[in-house]
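Here is a short briefing to read alongside the model. Have the viewer open, and let's go through it together.

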Amino acid sequence: MNKKTLPLEEAIGRPLSHDLTQISPQRGFKGARFKKGHIVEESDLEILRSMGRAHLTVLELEPQEIHEDDASVRLSRMLTGDGVSPSGPSEGKCTLKAGRDGLLHFDTDGINGINLDPSWIVSTLPVNVPVKRGEIVAGFRVLPLAVDEEQVKRAEEIASPISVIPFSPLKLGLVTTGRELAEGRIKDSFRPKLEVKIAEYGGTIIEQAIVSDEKEVIVQAINHMVDIGAEVIICTGGMSVDADDVTSSAIETTTDETIFKGIPILPGCHIMLARKGELIVMGVPAGAVFETWTSLDLMLPRIFTGKLPSFEETRRWGVGGLCRHCGICNFPNCGFASR
């Protein structure tokens, strides 16, 4: 880049080489009215004249150089996926906002690849967390005033879209296991908690079956939920290793594939995920009744967007997978929720 001094009118369309300070006693203001790198526009001329400016020192880019704002816009086009909207540029910075409630989804390797170039900064919220409409989910900027065309092309090739996947209003069947519950000795307290949790994603419970700890009975209850059109079946209780814990065996009998049984998350390590065609069947340990946040809460946004985690993915969840039981809880804005 070279510096060049030009009359105001000839500086239009060129970036400033340094900040321009404005002093306004009437407004009690003194500060940078135009920042270094600002592209001079025709509408700026009157303000510049009021600041006593007749000439400006501007930057003259080399043919292979791209101004920070233009480079940021080009990257913005590559990063803007479904369900997000871009804003900017301003001083080489653009942001992405969620256009709807949903699950934030992107390829972390792509973001890390862009950040290997020290001329770029890309910052996002954690991947696979629920976000609200209007929330800023990513920000990125170019650090120097200009970057080479080759740097921009490399970033464009690496970048993959950042998206917000909407939640689907799924119909749930709830199978609650436990002899003490089936015989009415104690009252089920899981359904009210589950209804609150799935309401966040538009889900509804179409039927609940409370059954004893017998595999054949649990199998019948699961098959009944299939028959009445449940899209997700959640089975609670009987997920540990006691002699009466047969829920996981019943799930295996009624499904085609077990994705995982047990994950490195506490609380809720004994959770199970299986499929029967497009139908999802989960086994949820009894700890979900007593704990506020468990592995179930990590799975629900994935289920309601159809982005089910693989066995291999869940094996990496142990780092950060221990809930801190904070005195003031910020879930899902915490490390535990970020899977």
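Helix 6 passes helix 10 in a right-handed crossing, where right-handed means that the near helix is turned clockwise from the far one by less than a right angle. This is a predicted model, in which local features need pLDDT of at least 70 and side-chain atom pairs count only at pLDDT 80 or more, while totals for chains, interfaces and linings use all residues. Residues are numbered from 1 along each chain as its sequence is written, and side-chain values use heavy atoms, leaving out hydrogens and water.

**Helix 6 and helix 10**
- The two helices pack at an angle of about 40°, with their axes 11 Å apart; axes are lines fitted to C-alpha atoms over the stretch in contact, and angles run from 0 to 180 degrees between N-to-C directions.
- That makes helix 6 oblique to helix 10 (under 35 degrees is roughly parallel, over 145 roughly antiparallel, 65 to 115 roughly perpendicular, and the rest oblique).
- Phe190, Leu194, Lys197 and Ile198 of helix 6 meet Leu296, Asp297 and Leu300 of helix 10, with contact meaning heavy atoms within 4.5 Å.
- By class, the residues of this contact are five nonpolar, no polar and two charged.

**Nonpolar cores**
- The largest nonpolar core has 34 residues, and Ile234, Met282, Leu296, Ile303 and Phe304 have the most contacts inside it. Such a core is a set of buried Ala, Val, Leu, Ile, Met, Phe, Trp, Tyr and Cys residues joined through side-chain atoms within 4.5 Å.
- Elements giving two or more residues to this core include helix 6 (190–199), strand 16 (232–236) and helix 10 (295–303).
- Helix 10 supplies the largest share of this core, five residues.
- Apart from this core lies another, of 27 residues, among them Val127, Phe140, Val147 and Ile162.

**Helix 2 and helix 4**
- Helix 2 (residues 68–79) and helix 4 (residues 149–158) pack at an angle of about 15°, with their axes 9 Å apart.
- That makes helix 2 roughly parallel to helix 4.
- Ala71, Arg74, Leu75 and Met78 of helix 2 make the contact with Glu149, Val152, Lys153, Ala155 and Glu156 of helix 4.

**Glu180**
- Glu180 sits in helix 5 (residues 179–182).
- Glu180 is partly exposed, with a relative accessible area of 34% (buried is under 20%, exposed over 50%, partly exposed in between, with a 1.4 Å probe and protein chains only).
- Leaving aside neighbours within four places in sequence, Glu180 is in contact with Arg185, Ile186 and Asp213.

Definitions and conventions: Helices (H or I, at least four residues) and strands (E, at least two) are DSSP runs, numbered from the N terminus. Ala, Val, Leu, Ile, Met, Phe, Trp, Tyr, Cys and Pro count as nonpolar, Asp, Glu, Lys and Arg as charged, and the others, Gly among them, as polar.
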